[in-house]
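User: I am new to this structure and would like to go through it by question and answer. Please show it first.

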Amino acid sequence: MGVIRGVLRVTEGLKDPNQNLFDQDQDLQIKNNLNQEILSQPIQNIENTQSDKIDKIDNIIIIKNKENVLRENKVPESSLQRALQFSGLGLNLTTNALKKVLVSTFSEQKVTFKQALISEENAEILAQGLCKMRGAPLKLAQALSIQEDELIPKPIRQAFEKARESADVMPQYQLEKMLREELGQDWESKFESFDIKPFAAASIGQVHRAILKDKQVVAVKIQYPGVKQSIDSDLSNIKRVMDYTGIFPKTMFLDKLIANTRKELYEECDYIVEAEKQIRYRNNFSEYKQFAIPNVIKELSTQRILVSEYLEGDNLDQVAEHYPQYLRNSIGRMIMEVTLVELFKFRFMQSDPNPSNFYFNRKLNKLILLDFGAAHEYDKSFINDYIEIIHGAASNNRLKCLEKSKNIGFLTGEESIRMKEAHVDSIMTVGEPFRYDGEFDFGAQQLTKKIYELMPIMLKYRLRPPPQEVYSLHRKLSGAYLMNMRLQTKINCRDIFMNLYDSYK
């Protein structure tokens, strides 16, 4: 999550402290050799390895990453400014598409306007526009980025993914204006030091490192100006763009997705509410020593600024690249465990699966959990049926999956036999890790391929949108799967679920 957290800095012996130690091809070979040498040694022999230029945690070495360069762009604050941005974005997309169609008339390979509209060039324009707008458009893009290619054309989905991974940051004058409005004209007096350059930026805010007067290191999340006031107009404008392009199928029920995004955004734009959710989540998991949730600094938190304890760790990309299999398995199990425990024990789930919300502290052997604006509580009646659907998949009971799907609102009961079979097939596919008796290999899984094969049928024959709760719940569950796939873990998911099912009340 940025340039400070999760980065082990390597500067000794370098002419330029910002230079990557292994920039050249031959140095990459050295890096690989050192990795192999260190990872093959017992922990107590690490100190004898010639790695004085490399920071290490136990028997893991992590080379300093290149700094994540965040673009600085003024946040359009008023509804008029944001509407003009949307107009400009739509005009750029249309102009570029028309240009592509015109050029194709002089070649053998003709391009339709719709094909040109969803080209890779337009996808790049769209990603940059969303990163500049931030707020509701970027939040919706993040929700859409985990959808299948059958739902959203691949270039557009990739644009949404790119937008999910990075947002522009506000210039210093806007930042200081927000600090004065929320913490007072003397805001600087509340900190020993404050890093003006943020280390992370997301859809509705950016995060800075600071030190309080008592020397405590904190993370200060600051909301972009005008984001909350523009939620309705932003979503209306982006809906027009989506309708205009015609790239989203009707059975995607885009109106329902946008309505759900609107509800979530209003909640997430109130950092007082988020602070309460974070405190509740921290209390829920107080007995789970393998997880760390930052403490909230309530006296400095406001509706648009959230100050929390600063926790350090390695991001999941570093874990995937440098950690040995047994540790990746352990971390993957933690991710799956927290996902199931928050749902089936507490019925209170942090539903944002962005990998930048998960870090691992090797010294403490803890998984750090961040960002609770998207935490949701689920009704017990809903979870009662949902846990039975998962149990049906885990026990290979197709009839149970079908009946509970009707109860919960996935199906009307009037669907065709083909649709019902495809729906149950999709549940059985998603439930495969919980049905497998032993360590499920996420690195060799075929889940994604199987779901892709079922999507055309469900898109064609689906009669109703999924229950509202499913949008956030499945976003998190799919995120837990994807993170385990990224880490190529081998974990026993069945025992985690069955233990929770047996104790479920």
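User: In S8, which residue is the bridge partner of Ala 219?

Analyst: The model is predicted, so local features need pLDDT of at least 70 and side-chain atom pairs count only at pLDDT 80 or more, while totals for chains, interfaces and linings use all residues. Residues are numbered from 1 along each chain as its sequence is written, and side-chain values use heavy atoms, with hydrogens and water left out. Strand S6 (residues 217-223) and S8 pair in the antiparallel sense over five bridges; two strands pair if DSSP finds at least two bridges between them. In S8, the partner of Ala 219 is Ser 308.

User: Which residue of S8 is the bridge partner of Ile 222?

Analyst: Strand S8 covers residues 305-309, and helices (H or I, at least four residues) and strands (E, at least two) are DSSP runs, numbered from the N terminus. Ile 222 has its bridge partner in S8, and that partner is Ile 305.

User: How many of the five residues of S8 are buried?

Analyst: Buried means under 20% relative accessible area, exposed over 50%, and partly exposed in between (1.4 Å probe, protein chains only). S8 is largely enclosed by the rest of the structure, because its buried residues number four.

User: Which strands stand at the edges of the open sheet of four strands?

Analyst: The sheet has the order S7-S12-S11-S9, and its pairing is mixed. Two of its strands each have a single partner strand, so one side of each is left without a neighbour in the sheet: these are strand S7 (291-292) and strand S9 (314-315).

User: In S12, which residue is the bridge partner of Tyr 359?

Analyst: Strand S11 (residues 358-361) and strand S12 (residues 366-369) run antiparallel and are joined by four bridges. Tyr 359 has its partner in S12, namely Ile 368.

User: At about what angle does H12 run to S12?

Analyst: Axes are lines fitted to C-alpha atoms, for helices over the stretch in contact, and angles run from 0 to 180 degrees between N-to-C directions. Contact means heavy atoms within 4.5 Å. H12 lies across S7, S11 and S12, and its angle to S12 is about 45°.

User: Is H12 roughly parallel or roughly antiparallel to H18?

Analyst: H12 and H18 pack with their axes 9 Å apart, at an angle of about 170°. Angles under 35 degrees count as roughly parallel, over 145 as roughly antiparallel, 65 to 115 as roughly perpendicular and the rest as oblique. H12 is therefore, relative to H18, roughly antiparallel.

User: Which helices do the buried residues of H13 pack against?

Analyst: Helix H13 (residues 380-394) has 15 residues, and twelve of the 15 are buried, so H13 is largely enclosed by the rest of the structure. Their packing partners are helix H12 (325-344), helix H14 (398-408), helix H15 (417-430), helix H16 (432-435), helix H18 (468-487) and helix H19 (493-503).

User: With which residues is His 391 in contact, leaving aside its neighbours within four places in sequence?

Analyst: His 391 lies in helix H13 and counts as buried, because its relative accessibility is 15%. With those neighbours left aside, its contacts are Lys 400, Phe 497, Met 498 and Tyr 501.

User: How far apart in space are Gln 446 and Glu 432, C-alpha to C-alpha?

Analyst: Gln 446 is in the loop between strand S14 (440-441) and helix H17 (447-461), and at 43% relative accessibility it counts as partly exposed. Gln 446 and Glu 432 are 14 residues apart in sequence, and their C-alpha distance is 9.9 Å.

User: What share of the residues of the chain counts as buried?

Analyst: The chain has 19 helices and 15 strands. Of its 505 residues, the share that counts as buried is 54%.

Note on methods
Expected span 1.5 Å × (residues − 1).
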